[in-house]
Amino acid sequence: MNEKYFPAEIEERQQRRWADTGVFEVEVNPQKEKFYCLEMLPYPSGRIHMGHVRNYSIGDALSHFKRMQGFNVLHPMGWDAFGMPAENAAIKNNARPDIWTFENIDAMRVQLQRMGFSYDWRRDIASCTPEYYRWNQWFFIQMWKQGLVYRKNATVNWCVKCNTSLANEQAEGGFCWRHEDTPVELRELEQWFIRVTKYADELLDSLDSLEGGWPDRVITMQRNWIGRSKGAEVDFGVEGDASKKIRIFTTRIDTIYGASSVILAPEHPFIAEWIAAGQASEELKTFVEQQAAVSPEDRIAEGKEKLGVFTGHYAINPFNGENLPIWTANFVLTGYGTGAIMAVPAHDERDFEFSRKYDLPIRRVIKTADSDEADGAPVEAPFTAKDDSGVVVNSGPWSGKPVPEAIAAMTAHAEEQGFGTAQTNFKIRDWGVSRQRAWGTPIPFIHCAKCGIVPVPEEQLPVVLPVDLNFASAGAPLAEHEPFVNVTCPTCGGTARRDTDTMDTFVDSSWYYFRYTDPKNDQLPFDPKVAAYWTPVEQYIGGIEHAVLHLIYTRLWTKIMRDLGLITFGEPVKKLLTQGMVCLASYRCEEHDWLYPVEVIDGKCKFCGRTVTVGRIEKMSKSKKNTVDPDEMIKIYGADTVRLFMMFAAPPEKDLEWSEAGAEGAARFLNRVWRIIHKWHDKFDGAAAGEFSDAARALRRKTHQTIKRVTTDIGERMNFNTAVAALMELTNEIYAFDNTLKERAPVAADKFAVKEAMEALAKMLAPFTPHIAEELWAHLGHDEIVVGAAWPVFEAELAKEEELEIPVQLNGKRVVSVFVPAEATDEELKAAALADAKVQAKLEGKQIVKTIVVPKRLVNLVAK
C-alpha cells in the first residue's frame with residue numbers, strides 16, 4: 001500500500017476492475033428482492049455539469065447502499081437525445097444533428113464513466129435511434145386506436161426562436177420554457193393531441209397514493225395544474241338571436257341571481273361573428289386585436305389589470321329572464337371552461353374588482369344566516385363562503401336555502417328545464433404533441449385525399465428520419481423532403497403524403513425507464529414479464545422544474561400503458577427526490593462583463609484590475625460564467641472527492657453552494673482516512689476479540705453506533721450529509737484510539753477493535769467514494785469487490801452508551817454536565833443533577849418550583 005493517496009491512479013484501476021467483472025450488470029432474479037434506482041436522463045449537450053454530478057452522485061450512493069444490502073439493483077443510464085439544440089447546431093454548422101448528438105453522447109459517457117457511476121451500461125439507450133422511437137410511433141398508433149389521439153385546429157403557443165409550437169406546460173408564464181426571455185405567440189394550426197383529460201380525474205385522485213413518497217411541493221403543484229372544478233354549465237340566451245346560446249361554467253350556480261353581466265373571452269366565436277357582421281364597435285375590434293397579441297398566461301397573471309369592453313349585445317338569464325350586458329375581458333380564456341363566464345361581483349373578488357371599475361351593478365344574493373345587512377345596501381366587499389354559513393337571498397324560490405342545498409337544487413332545476421347540466425372541468429388541457437421541427441419522432445400517419453388520415457402499418461415501423469435533410473431551409477425540413485413526404489396510401493394504394501410534424505420530446509422521456517428493463521426487445525417496447533419484475537421505480541431523482549412537465553406526462557403514459565395491457569399498475573414511481581441546484585456566486589466587470597471565478601483575483605478582474613461586482617449566489621449558468629467544470633475538479637482532486645463534497649455540503653433536497661475550500665476539505669478527509677489505514681493495514685496479525693480496554697470498548701461502541709446511524713440516514717432518511725458527518729466522527733475516534741497506543745504496543749483485542757472499525761469505515765465509504773473504498777478494502781486483506789460485499793450490521797448491545805452526558809440547566813442556563821449510566825431513569829437523572837456541587841451552590845438561597853427532565857437528554861431546574 002502506497003503511503004500517499006493518488007486518486008487518479010486508484011480510480012482508473014478500480015473502474016477497469018468493475019468493467020472487467022461486470023459487477024453492476026444485473027438480470028431478472030426472482031430469488032432476490034429488486035430495487036430500481038433512476039436519475040432523470042440527461043440531454044446530450046456535450047458536457048456534463050455539476051448539476052448532473054450531484055444528481056447522479058445521489059443515485060449512485062443509494063444504489064451502492066441497496067446493492068450491499070443484498071438487493072438486485074437496476075441502475076441504468078441513457079440519453080434524452082431528440083430536441084432543438086441538435087437541430088440548431090445542424091442549422092448553424094450545416095451538419096447532421098445525429099452526428100452532433102452521438103459525438104456528444106460519446107463524450108458525456110466518458111465523463112460519467114470517469115466519475116465511476118455504477119450504471120449497467122449494456123442498457124444504454126438514446127431516444128433519437130430508430131430502435132427507440134419506433135416504439136414512440138407504435139404507442140401513438142395504439143392510442144389512436146383507443147381514441148386517445150386526435151387531430152384538430154387549435155390555437156397553439158408558438159416560440160419564434162424554437163420555430164415550433166409548445167404545450168401549455170412549456171409556455172407557463174407566457175414565456176418559452178427553453179428561452180425564458182422569449183414571449184410565446186398564439187397561432188392557429190392543425191395539431192395532434194393526446195387526450196389527457198380522459199385521465200384527469202385519475203391523475204388527480206391517485207396523487208393521494210403518492211403522499212409520503214413524493215415531495216408535498218410536487219404533489220401540490222400537480223394538483224393545482226390539473227385544477228379540478230365541480231359545478232354546472234348553464235345556457236344564457238342572446239337577446240334578438242334565438243339561435244345563439246352562451247354556455248357558461250360556474251362553480252356557484254347558487255349566485256346566478258346576482259349575475260350583473262356575461263363576459264366572453266376575446267377569442268369567443270360570437271365576438272368574431274359580430275365583428276364580421278358589422279355588429280361591433282371600433283373599440284371592441286381594437287380590444288380583440290390587442291388581446292390576441294397577449295399570451296393567455298400573461299392575461300391572467302397575478303396583479304394584471306382587469307380590462308374589458310361592452311360588446312353592445314345582451315344575454316338572457318335563464319333563471320329569471322333578466323337581460324344582462326355581454327362584455328369581453330382579458331381575464332376570460334377559451335382554454336378553460338367554455339370561454340364565457342357570468343360575473344357575480346357580490347360573491348367573487350375578481351368580478352367585484354371588474355364590476356366596480358366599469359360601474360356594473362353589484363347585488364348581494366348570499367348572506368350569513370345572522371346577517372343584519374339590509375337588502376339593497378351598498379356592497380363593500382364580496383362574500384365568497386360556499387359552506388353552510390351562507391344562505392341564499394333575493395333568489396326567487398331558492399331564497400332561504402343554505403348554499404350547498406341551493407347548489408344541488410338549482411343544478412337539478414337547470415337539468416330538468418334543459419338549460420344546464422352538472423359539470424366537472426379541469427385546468428389541465430389535452431396534450432398538444434405536434435412539433436414543426438425535424439429532429440424528433442416522425443408522427444406515423446399518412447394523409448390520403450381518398451381515405452383521410454391513415455396510420456402507417458405497424459410492420460412498416462419505424463418511420464425513419466432522413467439523414468439528408470436541408471436544415472438551412474427557412475421552412476420545415478421534413479415537409480420539403482419529397483422522398484420522405486410522397487408515399488403510397490397503405491389503404492387504397494393511391495398517392496398520399498406523410499405527416500411532417502414530429503412529436504414533442506416529452507414523449508421520449510415519458511416511458512424511457514420501462515425500455516431500460518428490456519432495451520434490445522424488437523417485438524414490443526418491453527416484455528411485460530420483464531417489466532413486471534423491475535417496475536415500478538423505487539426511487540426517482542431529478543429537478544423540481546419537471547414537476548408539471550415530465551412528471552405529469554410520465555404518470556399519464558403509465559396509466560395508458562396499463563390500459564393497453566403492458567403493465568398492471570398506474571403510478572410509475574414510488575419515491576421521488578427533487579435535488580437542489582448547485583450554485584455559485586457570479587462576478588461582473590464593467591469592462592469585461594461576466595467573469596469566471598478563476599478570472600477574479602483578490603476581488604479584481606485579472607484582465608483590467610477593476611473591482612468586480614459580486615452577484616448573488618445562484619444556479620450555475622454558462623451565460624454568467626459562474627460554472628465549474630467537473631473534469632477540471634476531477635483532475636485536481638479526483639472523482640471521489642468531488643462526489644464526497646456533493647454529498648456532504650448540503651441535504652440533497654437543498655441548494656448546494658460549490659466551494660473550492662469545501663472540495664479541499666473533502667480531499668483532506670480522504671487523505672486522513674488513507675493515512676490511518678496505511679499505518680494499520682499490515683498490523684492485524686493475531687487480531688482477536690478478548691478483554692477490551694476502556695478505549696477499545698469506546699471505539700467499538702462508536703463503530704456500531706456509526707453503522708446504525710449511517711444505515712438509518714441513507715436507507716430511511718436519505719440524509720447523506722449527516723451520514724458522511726458520522727463517518728468523519730468515526731475516523732476521529734480511530735485516530736483518538738491510535739493515540740492511546742503511543743506508550744504501549746497494541747494487544748490482540750486492540751487490533752480487533754481497530755480492524756472492525758476500519759473495515760466498517762471502508763464499507764460505509766463505498767456509497768460515497770467507491771474507488772478509495774475498494775482500495776482500502778483490498779489493503780485490509782479482502783479480495784472481494786467492496787461494492788458487492790455485504791453492508792455492515794450493527795450490534796445493539798455494542799452500540800449502547802455505557803454512560804450519558806446530561807446537561808443540567810438552571811432557569812434555562814447551562815450550569816454543568818453530569819454523567820449517569822445509560823439506563824438511568826428520570827428520577828436518577830434528577831437526583832444526579834441535585835447532587836452536583838456546582839448545582840447546589842447555584843441553588844443556595846433559592847427554591848425549586850419545577851423540574852423538567854427530557855429523558856436521557858436534559859435536566860432543567862426552575863428556581864426562584
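Buried means under 20% relative accessible area, exposed over 50%, and partly exposed in between, with a 1.4 Å probe and protein chains only. The model is predicted: local features need pLDDT of at least 70, side-chain atom pairs count only at pLDDT 80 or more, and totals for chains, interfaces and linings use all residues. Residues are numbered from 1 along each chain as its sequence is written, and side-chain values use heavy atoms, with hydrogens and water left out.

View 1. His-64 belongs to helix 2, residues 50-68; helices (H or I, at least four residues) and strands (E, at least two) are DSSP runs numbered from the N terminus. His-64 has a relative accessible area of 0% and therefore counts as buried. Leaving aside residues up to four places away in sequence, the contacts of His-64 are Phe-24, Ser-118, Arg-643, Ala-766, Pro-767, Pro-770 and Val-787, where contact means heavy atoms within 4.5 Å.

**View 2. Glu-827 in helix 25.** Helix 25 spans residues 826-835 and contains Glu-827. Glu-827 is exposed because its relative accessibility is 57%.

**View 3. The protein chain as a setting for the close-ups.** The protein chain has 26 helices and 35 strands. Its C-alpha atoms fill a box of roughly 110 × 85 × 65 Å, taken along the principal axes. Of the 864 residues in the protein chain, 53% are buried. Among contacts between residues at least 6 apart in sequence, 72% join residues at least 24 apart.
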